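Please look over the chain below before reading on. The paragraphs after it go from the whole chain to single residues.

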Amino acid sequence: MGVVPPAGAPFGDELAAGLRALVSPYGVMSEVLPGAPVRGLGRLSLASARIGGAPGVERPDEFRGAGRSLDGPEQAALTAIAEGAERYAGTDFPGDREVWATAAELDGRVLDMSAVPRCSPREYRSGHCPVTPYDPHQRIRWNQGLDLATREPMWVPAVMARHGVRRPADAEGFWNRISTGYAVHSDPVEAIVRGIAEVCERDAAALTWLQMLPLPRITFDAPTDDLSALIEYSDRHFLETYFFDATTDMGVPTVYCVQTSEYDEACRQIVGCATGRDLPQAAAKALLESVPARALFHREDPGSFGLIMAGAELMGKAERRQSFDFLLGGHGGTRRHGTPGRPALPTDSTAALEQLLRALRGRGMQAVAVDRTTRELKVAGLTAVCVVIPALQPLTFHQHGQYRAHPRLYEAPAHLGFPVRREEELNPWPQPFL
């Protein structure tokens with residue numbers, strides 16, 4: 001999620017005030033509810049925020065916010081409101097400034113559609129592929145964003161900029177609508193930084209699983225207090241925790257986390273992946289996602305979570321343990337994270353954005369930020385953005401629509417020094433990332 005502060009770093013006063021202003025019986029968030037406590041981890045607070053004003057949402061289960069924090073119930077509630085605000089910003093509002101056109105008919109610069117991820121012929125022929133090839137001769141909806149490299153306006157397909165687009169036309173079916181790249185913050189620059197970081201996170205998670213990258217394992221010489229608390233809880237509950245350095249050529253510190261439990265029949269293994277300003281922050285965020293998510297596997301009706309939960313459910317079963325051997329087999333070696341460790345992303349928002357843009361320019365990648373700030377968010381002093389980076393690998397939960405023809409899927413492992421698998425050698429199992 002693009003808005004979550006690093007573990008151990010509470011929301012600032014300005015951001016917190018803006019988020020609280022969104023909650024009322026008739027507000028963006030109609031209510032915020034506390035979540036059930038996690039037994040044995042008293043420091044962990046959970047919350048959920050119900051969106052009250054999303055108009056005509058087709059997928060209401062995706063338009064809610066969840067929060068978790070080791071810094072108390074208030075921080076968990078703020079996180080839930082923030083995630084809910086992101087979902088709200090991605091909905092389809094009456095009056096959204098859009099244009100129906102082909103790319104050739106648009107006036108001004110247009111996103112390079114040849115760089116947009118596509119599925120392979122094998123995926124399209126499967127009969128189960130959820131997306132279709134992009135047809136440049138068909139009219140679709142477009143929104144205007146800002147090219148982050150040139151600061152010039154740029155047209156982006158609406159289905160890439162608004163995951164809540166309702167009643168998409170057949171020609172808009174080339175893109176799997178998901179909330180990747182959204183962020184809300186009181187600082188517009190920080191919102192863009194976090195949006196970029198989330199796209200990088202999903203890219204890393206997709207590459208790791210599909211290419212079965214033997215990532216190097218990380219151990220932490222001096223874990224943060226939050227990371228220590230989560231590790232200690234896991235150890236007390238017989239959970240084995242494995243951290244892997246999934247940082248890509250984008251330079252955003254990224255940790256891929258696998259937790260295993262020999263005594264949990266419903267969830268033998270669970271996956272988390274997160275970015276942070278440094279690897280310890282990323283590890284804490286990944287584990288903070290994984291620990292409470294384990295309870296989802298023990299609901300009476302876990303299938304109610306639908307497609308997003310399906311891959312994690314299947315891959316959590318005991319008989320799927322060997323599917324994680326590319327990570328847990330120890331082939332990637334171990335790195336100890338001490339000081340200085342891998343270079344961090346600057347804390348200062350402007351410096352962090354400059355570093356990210358240098359990395360994108362170095363790879364010749366377009367990045368576009370689409371302003372999704374609604375009237376309510378603006379009044380609360382918040383900015384919402386959706387960052388679109390076509391050259392990075394999307395993460396999807398559709399087993400038959402993984403964009404396996406995207407060049408990034410085969411070029412990135414080579415850049416990172418890993419063997420490159422051909423399409424027929426890619427991971428056949430569904431995405432376990434929640």
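What follows describes the overall fold, then the aromatic pairs, then a few individual residues.

The model is predicted, not experimental. Its chain contains 12 helices and 14 strands. For 434 residues, a compact globule would have a radius of gyration near 22 Å, and the chain has 21 Å, so the two agree. The C-alpha trace spans about 60 × 50 × 45 Å along its principal axes. Of the 434 residues, 56% are buried. The accessible surface comes to about 18400 Å², and carbon and sulfur atoms account for 51% of that surface.

Contacts within the chain can be sorted by sequence separation. Taking those between residues at least 6 apart in sequence, 69% join residues at least 24 apart.

The aromatic side chains come next. A pair of aromatic rings is described by the distance of the centres and the angle of the planes. With ring centres required to lie within 6.5 Å, the count comes to six aromatic pairs. One of them joins Trp209 and Phe326, whose ring centres are 5.8 Å apart and whose planes meet at 65°; the pair is therefore edge-to-face, since that label applies to angles over 60 degrees. This pair links distant parts of the chain, with Trp209 in helix 5 (residues 188–210) and Phe326 in helix 9 (residues 325–328), 117 residues apart. Trp209 has a relative accessibility of 1% and so counts as buried. Phe326, at 9%, also counts as buried.

Another edge-to-face pair is formed by Phe220 and Phe243, with 5.5 Å from centre to centre and 75° between the planes. Because Phe220 lies in strand 8 (residues 217–220) and Phe243 in strand 9 (residues 239–245), this pair ties together parts that are 23 residues apart in sequence. Both Phe220 and Phe243 are buried. As for grouping beyond pairs, Trp209 and Phe326 form one aromatic cluster together with Phe324.

Which residues does Tyr410 touch, leaving aside those up to four places away in sequence? They are Gln211, Arg404, Val420, Arg421, Arg422, Glu423 and Leu426. Tyr410 itself sits in helix 12 (residues 408–415). Its relative accessible area is 21%, so Tyr410 is partly exposed; the limit for buried is under 20%. The C-alpha atom of Tyr410 is separated by 8.9 Å from that of Leu207, although the two residues are 203 residues apart along the chain.

Ser45 belongs to strand 2 (residues 45–51). With a relative accessible area of 12%, Ser45 is buried. Leaving out residues up to four places away in sequence, Ser45 touches Gly67, Arg68, Ser69, Gly72, Pro73 and Ala76.

Arg151 has a phi near 65°, a positive value in a residue other than glycine, and is found in the loop between strand 5 (140–147) and strand 6 (153–157). Phe238 is not a glycine either, and has a positive phi of about 60°. Phe238 is placed in the loop between helix 6 (225–236) and strand 9. Is Phe238 buried or exposed? Its relative accessible area is 57%, so Phe238 is exposed.

Terms used: Residues numbered from 1 in each chain as written. Predicted model: local features only at pLDDT ≥ 70, side-chain atom pairs only at ≥ 80, totals over all residues. Heavy atoms only, no water. Helix = DSSP H or I, 4+ residues; strand = E, 2+ residues; numbered from the N terminus. Rg over C-alpha atoms; globule rule 2.2 N^0.38 Å. Buried < 20%, exposed > 50% of the residue type's maximum accessible area, 1.4 Å probe, protein only. Contact = heavy atoms within 4.5 Å. Areas by Shrake-Rupley, 256 points an atom, 1.4 Å probe, with all protein chains shown as cover. Phe/Tyr/Trp six-rings, centres within 6.5 Å; stacked < 30°, edge-to-face > 60°.
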